[in-house]
Amino acid sequence: MFIVRRRRATALAIISAALLAACSAAPVLPRPGGGSAVAVAVGSGGQATGVDSQEPAIARLRADLRDALREASIHAGADGVTLSVSSGWRSQKFQSQLLADATRKYHSQEEAARWVATPETSPHVSGDAVDIAGEDAMSWLSQHGARFGLCQIYSNERWHYEYRAAALRGACPLMYQDPTEDPRMKR
C-alpha cells in the first residue's frame with residue numbers, strides 16, 4: 001500500500017511539473033500584424049526542432065545566431081532544458097508598436113528606452129537578437145551560453161541574447177545596465 005501511494009504521488013508530481021512547464025515554457029505572444037503565436041521551440045531532448053522554422057521570427061535571424069541557437073539547444077536538451085524563443089526577428093512596424101506601447105506604459109520615452117529600442121537601433125529588427133522564454137532556459141544560457149557565443153547583453157533583460165563570436169574564445173562582454181548605456185542605441 002505504501003509503494004502504491006508513493007508511486008501515485010510521484011506520478012502526480014511528474015504530471016504537475018509537466019503541466020507547469022508546458023504552461024510557462026511556451027507563452028502566447030502577440031504577433032506582428034495581429035493574432036498570437038506560441039513561442040517557437042528551438043530544441044528539446046537533444047533535437048533541434050524550431051531553428052529551421054520558416055516562421056519569419058526564426059528564418060530572418062542572422063545565420064550565426066540561428067546556428068548558435070541550434071547548437072545550444074542540442075546541449076540544453078541533453079541537460080533536460082528546452083530553449084524557446086519568445087521573440088526573434090521583428091519588423092520595423094512591430095518594433096514601433098512595441099516602443100509606442102512601452103512609452104504609454106512608462107509615461108515617458110526615456111523610461112521606455114530602458115526596455116525597448118527604436119526600429120532603427122533594435123537588434124531584433126536586424127535579426128541579431130532573440131528573447132528566451134522560461135526560467136530554466138534563461139538560467140541554462142546564463143551559465144553555458146558563452147561557449148556557443150550566446151550572450152546576455154543587458155542586466156535588466158535576462159531574456160535578451162545576442163551572438164558574440166568573441167565569446168567563443170573566452171567569455172561574454174560585460175553587460176550594460178540597460179539599453180540606454182549601449183552605444184548602438186544612440187544612433
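Is C151 buried or exposed? At 0% relative accessibility C151 counts as buried, where buried means under 20% relative accessible area, exposed means over 50%, and partly exposed lies in between, with a 1.4 Å probe and protein chains only.

The model is predicted, so local features need pLDDT of at least 70 and side-chain atom pairs count only at pLDDT 80 or more, whereas totals for chains, interfaces and linings use all residues. Residues are numbered from 1 along each chain as its sequence is written, and side-chain values use heavy atoms, with hydrogens and water left out.

**The disulfide**

With a disulfide taken as a pair of cysteine sulfur atoms within 2.5 Å, the count comes to 1 disulfide. C151 and C172 form this bond, with their sulfur atoms 2.1 Å apart. The pair links distant parts of the chain, since C151 lies in strand 7 (residues 150–152) and C172 in the segment after strand 8 (160–163), 21 residues apart; strands (E, at least two residues) and helices (H or I, at least four) are DSSP runs numbered from the N terminus. The torsion about the S-S bond of C151 and C172 is about -85°, so the disulfide is left-handed. C172, at 27% relative accessibility, counts as partly exposed.

**The paired strands**

Two strands are said to pair if DSSP finds at least two bridges between them, and the following pairs are found.

| Strands | Sense | Bridges |
|---|---|---|
| Strand 5 and strand 6 (residues 129–133) | antiparallel | 3 bridges |
| Strand 6 and strand 8 | antiparallel | 3 bridges |
| Strand 7 and strand 8 | antiparallel | 3 bridges |

Of the 5 residues of strand 5 (residues 83–87), 4 are buried, so this strand is largely enclosed by the rest of the structure. V85 stands opposite I132 in strand 6, while D131 has H160 in strand 8 as its bridge partner.

**Helix 3**

Helix 3 (residues 63–78) has 16 residues and reaches 23 Å from its first C-alpha to its last, close to the 22 Å expected at 1.5 Å a residue, the expected span being 1.5 Å times one less than the number of residues. Its buried residues are L65, R66, A68, L69, A72, S73, A76 and G77. Just after helix 3, G80 takes a positive phi of about 80°.
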